[in-house]
Amino acid sequence: MRKSKNLTPFYVGSFSVFLVFAIVSIAVFFHYNRLAIQQNAQDTITTSVDREQSHFETVIDLQYKFLEGLASYLGENEELITDESLQLLKDVAGSSSLDMLALFTRSGDAYYSSGSTSNVVDREYFLTCRDEGVNTLSSPIESKVDGETRVVLCVPIFSAEDGETVIGVLGGSYSISSLGDMLSNSLYGGSGQFLIVTQEGSVISRSGQELFGDYELSTGDSLFTLYKSFRSVEITVTEWIEEFGSASTNLIKLNAIEESYYCYYEPLEISDWMLCYIVSVDDAHASYGEFTQNETLLFQVLAAGLLVMVLVIVIVTFRKQRNLVHFAETDALTGVSNKKTTEEYIKLWLADEACFSTQVFIMMDIDLFKKINDRYGHAVGDAVLGAVGEGLREIFRETDIIGRLGGDEFCVFMKNATPEAAVEKADAICQMVRSIQIKGQPDLTVSCSIGVSLFPQHAKNFMDLYKKADKALYISKNSGRDQYTLYDIRTME
């Protein structure tokens, strides 16, 4: 009688081969998933810093326009320094976001909105503005009035007779701390740090949390001193210094003993300064952590057996792929599209043949949201954000694109709409936000500021549409908040 062939070694071998294949396949999958998470985090950082750079430059540009308008008025007077002009300086200073205003004669005599006087003929920013007739932005200097470190914006005052002769200079100053306040630092819950740095590496201003312990940077310190605290940096300190000197843009990784950091820097076009953002890699990857935590579970399931393993692989792979797609497109807290997905959908629509009439872009953020978090806690702040997301979905059509740009900032893109509908919906948003009530917080009041721009009336592409709405939003915030502003080419260009 012929003995039956023992198939046990075959099954064991087949199972072993399959198990090894499954483990290797999943390991490769998670490896590339980690690479995707890293790339997504880096893309988020660069996009967000680009936005902060644009916002910062917009704010400075608006301050220049404010000073130029006042300088044009002052230049029409026969005498530059009069009781009337000095009183005007004091009156205007109270409504300006600049810390202090000053009127300079050609000889350098300075008359400040605070009532103080001095002479700045030895200041480089003054001489450049006076002699070359161009707007200037100073490096950080110690004020001759109060001794505080400031940066000064200057515009020339031209004679009304010929429009070319510089008869004086008008200046406005920011304290170093005020510069940092212009950067919202809402990315990753504010866990990172923004730095405004000279091309020589000297820190001008900073905003955000302390990151480096004993190596923490302060105003006046050199950014390059951080190099000694890291065991691994993707470029040498010499290359780093050269990149700053040539105003290059780059994202590098800094590896310390206990933690690693992303460091992204790019030039500010308004001066020879650099904008630098540093954040912990763990914080940047934290929002993707839910997916990677399942690795251990999947490998444990593999050991349970061939049939169970096949079933688990099919189910888990399907679920995780679905979750990954959903996570990549949706903001988990508010239920609306995330920033990257929102931008992609809008750009695709603008290139679509069905985009045939007026398109409306609405940008909004919650007024004084940081104070809500500070006073009531982040749980209440998250509840407010969730209520805003829900309210926006109720107000707008399913075909409209609703997104969260980050922090407390949202946007809505209305397809094939009208300017009248834009104003109506902006008002509806304001009313909706005012009506938000959070359980257990009867004294909580919420409002929002809104900026609206139109395609193609105001812009020819998404980035211009975004900048115009952001400029209108800034006007709403600067005019007292809790309101909306429709971009006006005549007054805001």
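A residue counts as buried when its relative accessible area is under 20%, and as exposed when that area is over 50%. The model discussed here is predicted. Ile402, which belongs to strand S15, has a relative accessibility of 11% and therefore counts as buried. Between Ile402 and Gly389 there is a separation of 13 residues in sequence and a C-alpha to C-alpha distance of 8.4 Å in space.

**The sheet**

Strand S15 is part of an open sheet of five strands with mixed pairing, arranged in the order S15-S16-S14-S17-S18. S15 and strand S18 (483-486) form its edges, each pairing on one side only. On average, and with direction ignored, neighbouring strands of this sheet are turned by 20° against each other. Ile450 has Tyr484 in S18 as its bridge partner.

**Cavities and a pocket**

The structure contains two cavities of 30 Å³ or more.

| Space | Volume | Lining by class |
|---|---|---|
| Largest cavity | about 170 Å³ | 10 nonpolar, four polar and four charged residues |
| Second largest cavity | about 110 Å³ | three nonpolar, five polar and four charged residues |
| Second largest pocket | about 530 Å³ | five nonpolar, four polar and 13 charged residues |

The largest cavity has 18 lining residues, and those nearest its centre are Tyr112, Tyr125, Ser143, Val152 and Ser173. Strands S1 (100-105), S5 (141-142), S6 (149-158) and S7 (166-175) each contribute at least two residues to this lining. The largest share, four residues, is supplied by S1.

The lining of the second largest cavity includes Ser48, Arg51, Glu52, Phe194, Lys339, Leu405 and Gly406. At least two lining residues come from each of helix H1 (8-74) and strand S15 (401-406). H1 provides the largest share of this lining, with three residues.

H1 gives the most, with nine residues.

**Helix H10**

Which residues of H10 are buried? They are Lys339, Thr341, Thr342, Glu343, Ile346, Trp349 and Leu350. Lys339 also lines the second largest cavity. An α-helix has 3.6 residues a turn, so residues three or four places apart point the same way. The length of H10 can be checked against its residue count: at 1.5 Å a residue, the 12 residues of H10 (residues 339-350) should span 16 Å, and the end C-alpha atoms are 17 Å apart, which agrees.

How values were computed: Residues numbered from 1 in each chain as written. Predicted model: local features only at pLDDT ≥ 70, side-chain atom pairs only at ≥ 80, totals over all residues. Heavy atoms only, no water. Expected span 1.5 Å × (residues − 1). Buried < 20%, exposed > 50% of the residue type's maximum accessible area, 1.4 Å probe, protein only. 1 Å grid on protein atoms, 1.4 Å probe; cavity = no way out; pocket = protein on both sides within 12 Å on 5 of 7 lines; lining within 4 Å. Points joined across faces, edges and corners; volume = space filled by probe spheres on them. Nonpolar A, V, L, I, M, F, W, Y, C, P; charged D, E, K, R; others polar. Pairing = 2+ DSSP bridges. Axes fitted to C-alpha atoms, helices over the stretch in contact; angles between N-to-C directions.
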